[in-house]
Amino acid sequence: MLRRPEYRRALVFCGLIGLPVALLAFWFLVALHQLEQLIWTDWPKDLGWKQAPWWWALPLMAVAGLTVGLVVARLPGRGGHIPAGGLHAGGITEKALPGVLVAALVGLPLGVVLGPEAPLIALGGGLALLFASLVRAPRTEASTALLGAAGAAAAISALFGNPVVGAVLLMEVAGMGGPQLFAVMLPALLASGVGDLIFTGFVHWTGLETGSLDIGLPSPPPLDWADVLWVLLIAPALAFLIHWVFVGGRFVAGFVTTRTVRNTTLCALGAAACITLYAISTGRSPAEAALSGESVLSVLAQHPHAWPVGALVAVLVFKALAYAFCLGSLRGGPVFPALFLGGAAGVLLSPLPGLGLVPAMAVGMAASVTAALRVPVSSVVLVVLLLGNVDTAALVVLAAVVSFVVVQLLPQGPGIPAFGEPPTGRASRTGRRGHPE
């Protein structure tokens, strides 16, 4: 393939595309962060409150729902993919870019319980095609798919700060290799995780050395059988929870197929009600139950004892409900709320005998994000890189595989329309990443 001149030209062009796409992704993420800080921290303090008041989400989410509803009803591309269907690659056109941008920049900072990764994938792919049109590059079906994937990978790598995550995630989301990829990959992933557990166990129990790549950095206590047993209990439970959150999101997507603007606004207000109930029941900031959870997750991991058990239970319940409303009616990505719910569940369960904070969060995040995305390899890579702790990688692998198997065996609920198609509300069996088959 590398001997073909057209492929070499496409390779060079994809490399060049990465520069403007990454720069635009950077400023997009900066804008989202600054707007979130302004709306949820600065404005309440400027108005004399220590934190956002309990009712803060209600007017903000009403504006978000109305705006996204108008985008879905009036603009080409319907504002992007419906997040209840998981992450998608492809299907974006240059004409859809304004709607994707408006839905993300208005909805996400106002409290929508979704992340920026889906809009980034759409923007990256659409911008790559736009640049190709501007320079009048030849357009074929193969080149369009290649350019869209390259632009999306550049954008998503900017979000996660790692090119490996972007490349692996896009490979799995796009389904490259077809069903055979998963048929081979899942057993190999499970075998590698079990092999690492057994190897680590024998090294720990016998005290014998085999030589390793360890360069001497401090590490947490070694894994034991209690960690493995807790994985087999926690991962299926969290997979069950996240799966039914997504099923609820698909029912919400069916609800907004008629009278889109009105029903999208009603669903946004439903999510706002959940956020408000969290603030009232705990006395804490509604921002903890709103937004993607990306910034709160780091605070949770660094200061877990600042969260009482009641607050952890409340944020799991109310954020999960708000997440379901947003998955079906608004626009954004499903990754970070799933990571947050898994991390919060890990903190809540970490006092269990023989578990601990780091393994519990690793298992919770891996199980939750795998259940949300149906991409086990990407989930493992993402969680290991986020934790910065390779010692829990075997637990992450086991949790991801168990979670993937559980959600594949559960009833999938109604289907959702593909990107750019008008909603039909027709139920269908969904595929391995929540795609209609």
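A residue is called buried when its relative accessible area is under 20%, exposed when it is over 50%, and partly exposed in between, with a 1.4 Å probe and protein chains only. By that rule Gly79 is buried, with a relative accessible area of 5%. The structure is a predicted model, in which local features need pLDDT of at least 70 and side-chain atom pairs count only at pLDDT 80 or more, while totals for chains, interfaces and linings use all residues. Residues are numbered from 1 along each chain as its sequence is written, and side-chain values use heavy atoms, with hydrogens and water left out.

The protein has 15 helices and 0 strands. These elements are DSSP runs, numbered from the N terminus: helices are H or I with at least four residues, strands are E with at least two. Of the 437 residues, 53% count as buried. Contact here means heavy atoms within 4.5 Å. Among contacts between residues at least 6 apart in sequence, 78% join residues at least 24 apart.

Helices α2 (residues 57-74) and α3 (residues 97-107) pack at an angle of about 175°. Their axes lie 9 Å apart. The arrangement therefore makes α2 roughly antiparallel to α3. Angles under 35 degrees count as roughly parallel, over 145 as roughly antiparallel, 65 to 115 as roughly perpendicular, and the rest as oblique. Each axis is a line fitted to C-alpha atoms, for helices over the stretch in contact, and angles run from 0 to 180 degrees between N-to-C directions. On the α2 side, the contact is made by Ala64, Thr67, Val68 and Val71. These meet Gly99, Val102, Ala103, Val106 and Gly107 in α3. The contact of α2 with α3 comprises 6 nonpolar, 3 polar and no charged residues. In this division Ala, Val, Leu, Ile, Met, Phe, Trp, Tyr, Cys and Pro are nonpolar, Asp, Glu, Lys and Arg are charged, and the others, Gly among them, are polar.

The loop between α2 and α3 holds Gly79. Setting aside neighbours within four places in sequence, Gly79 contacts Val71, Gly99, Val100, Ala103 and Arg331. The C-alpha atoms of Gly79 and Val68 are separated by 7.4 Å, with the two residues 11 apart along the chain. Arg78 lies in the loop between α2 and α3. Arg78 is buried, at 16% relative accessible area. Most residues other than glycine have a negative phi. Arg78, although not a glycine, has a positive phi of about 60°. Leu291 also has a positive phi of about 60° and is not a glycine. Leu291 sits in the loop between α9 (260-282) and α10 (294-302), and is buried with a relative accessible area of 9%.

Val72 belongs to helix α2. At 5% relative accessibility, Val72 is buried. Beyond neighbours within four places in sequence, Val72 touches Arg78, Thr260 and Arg331. Val72 and Val261 are 189 residues apart in sequence, yet 7.9 Å apart in space, C-alpha to C-alpha. Gly328 lies in helix α11 (residues 309-329), and is buried at 2% relative accessibility.

The whole structure contains 6 aromatic pairs. Rings of Phe, Tyr and Trp (its six-membered ring) pair if their centres lie within 6.5 Å; planes under 30 degrees apart count as stacked, over 60 as edge-to-face, and the rest as tilted. Trp49 and Trp55 form an edge-to-face pair, 5.7 Å centre to centre and 80° between the planes. The rings of Trp55 and Trp56 have centres 5.6 Å apart and planes at 50°, so this pair is tilted. Ring pairs link Trp49, Trp55 and Trp56 into a cluster. Trp49 is partly exposed at 34% relative accessible area, and Trp55 is partly exposed at 32%. Trp56 is buried, at 7%.

Two charges sit over rings, as follows. Arg284 lies over the face of Trp307, 4.4 Å from the ring centre. The charged end of Lys319 sits over the ring of Phe340, 5.1 Å from its centre. The criterion is NZ of Lys or CZ of Arg within 6 Å of the ring centre and within 35 degrees of the ring normal.
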